[in-house]
Amino acid sequence: MNNNFKQLLEQFSEQWNDVTKSSNLEEVKSSFSNLEQTRETILECVFKNTDEGDEQGSYFYDFGELESKLLESSDGIPIFDDNFNIYESFDEYEAYYQRYGCMVPEFVISWDDTRLLWSDDLTIDFIERPDVLMSGNHLN
């Protein structure tokens, strides 16, 4: 279990680096999807190969520590439009976001000047930015 777990943590680290080095939303989506699949594999590995209690807790602690270190040592997931504020947009267009399954602004992973990338436990998908749709700039 230890070697497999260590390999999965290394894979997770590499995939986090891929996410943070993405140059557009398509790359973020692809890299983030891979990262989330590895996260699921790590969780399954721990649940299937360890006993509940301290042993599982130790593995989950190690995984949590890795995630924290990766977040602290990077600038996070890239954003491609610094002038857009997801919280203000969500306040104004909450029903629009929720119609597409994006229930809270924290589900939004990244965005560019026309689209958002969001994720919950089941979905990783694009949504057209409502401010762009309302302005008619998407028609250009």
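## Helix packing in a predicted model

The protein has 5 helices and 3 strands, where helices (H or I, at least four residues) and strands (E, at least two) are DSSP runs, numbered from the N terminus. This is a predicted model, in which local features need pLDDT of at least 70 and side-chain atom pairs count only at pLDDT 80 or more, while totals for chains, interfaces and linings use all residues. Residues are numbered from 1 along each chain as its sequence is written, and side-chain values use heavy atoms, with hydrogens and water left out.

Along the sequence, the elements follow the pattern α-α-α-α-β-β-β-α. The C-alpha atoms fill a box of roughly 55 × 30 × 20 Å, taken along the principal axes. Of the 140 residues, 36% count as buried, a term that means under 20% relative accessible area, with exposed meaning over 50% and partly exposed the range in between (1.4 Å probe, protein chains only). Where contacts (heavy atoms within 4.5 Å) link residues at least 6 apart in sequence, 57% of them join residues at least 24 apart.

Helix α1 covers residues 2-20, and at 1.5 Å a residue its 19 residues should span 27 Å, which agrees with the 27 Å between its end C-alpha atoms; the expected span is 1.5 Å times one less than the number of residues. Buried residues of α1 are Phe5, Leu8, Leu9, Phe12, Ser13, Gln15, Trp16 and Val19, and what covers them includes α2 and α3. An α-helix has 3.6 residues a turn, so residues three or four places apart point the same way.

Two packed helices are described by the angle between their axes and the distance between the axes. Here the axes are lines fitted to C-alpha atoms, for helices over the stretch in contact, and angles run from 0 to 180 degrees between N-to-C directions. The two pairs are set out below.

| Helix pair | Axes come within | Crossing angle | Handedness |
|---|---|---|---|
| α1 and α2 | 9 Å | roughly 160° | left-handed |
| α2 and α3 | 9 Å | roughly 160° | right-handed |

A crossing is left-handed if the near helix is turned anticlockwise from the far one by less than a right angle, and right-handed if clockwise.

The axes of α1 and α2 cross at roughly 160°, and that makes α1 roughly antiparallel to α2, a description used for angles over 145 degrees. From α1, the contact involves Asn4, Phe5, Leu8, Leu9, Gln11, Phe12, Gln15, Trp16, Asp18 and Val19, which meet Ser31, Phe32, Asn34, Leu35, Thr38, Arg39, Thr41, Ile42, Cys45 and Val46 of α2. These residues divide into 11 nonpolar, 7 polar and 2 charged, where Ala, Val, Leu, Ile, Met, Phe, Trp, Tyr, Cys and Pro count as nonpolar, Asp, Glu, Lys and Arg as charged, and the others, Gly among them, as polar.

Helix α2 (residues 25-49) also packs with helix α3 (residues 54-72), and α2 and α3 are therefore roughly antiparallel to each other. Their contact is made by Arg39, Ile42, Leu43, Val46, Phe47 and Asn49 of α2 together with Glu55, Gln56, Tyr59, Phe60, Phe63 and Glu67 of α3, and its residues divide into 7 nonpolar, 2 polar and 3 charged.

Glutamine 56, placed in helix α3, is buried, with a relative accessible area of 8%. Leaving aside its neighbours within four places in sequence, glutamine 56 is in contact with Val46, Phe47, Thr50 and Asp51.

Glutamate 88 lies in helix α4 (residues 86-99) and, at 55% relative accessibility, counts as exposed. The C-alpha atom of glutamate 88 is separated by 36 Å from that of leucine 9, the two residues being 79 residues apart along the chain.

Technical notes: Parallel < 35°, antiparallel > 145°, perpendicular 65-115°, else oblique.
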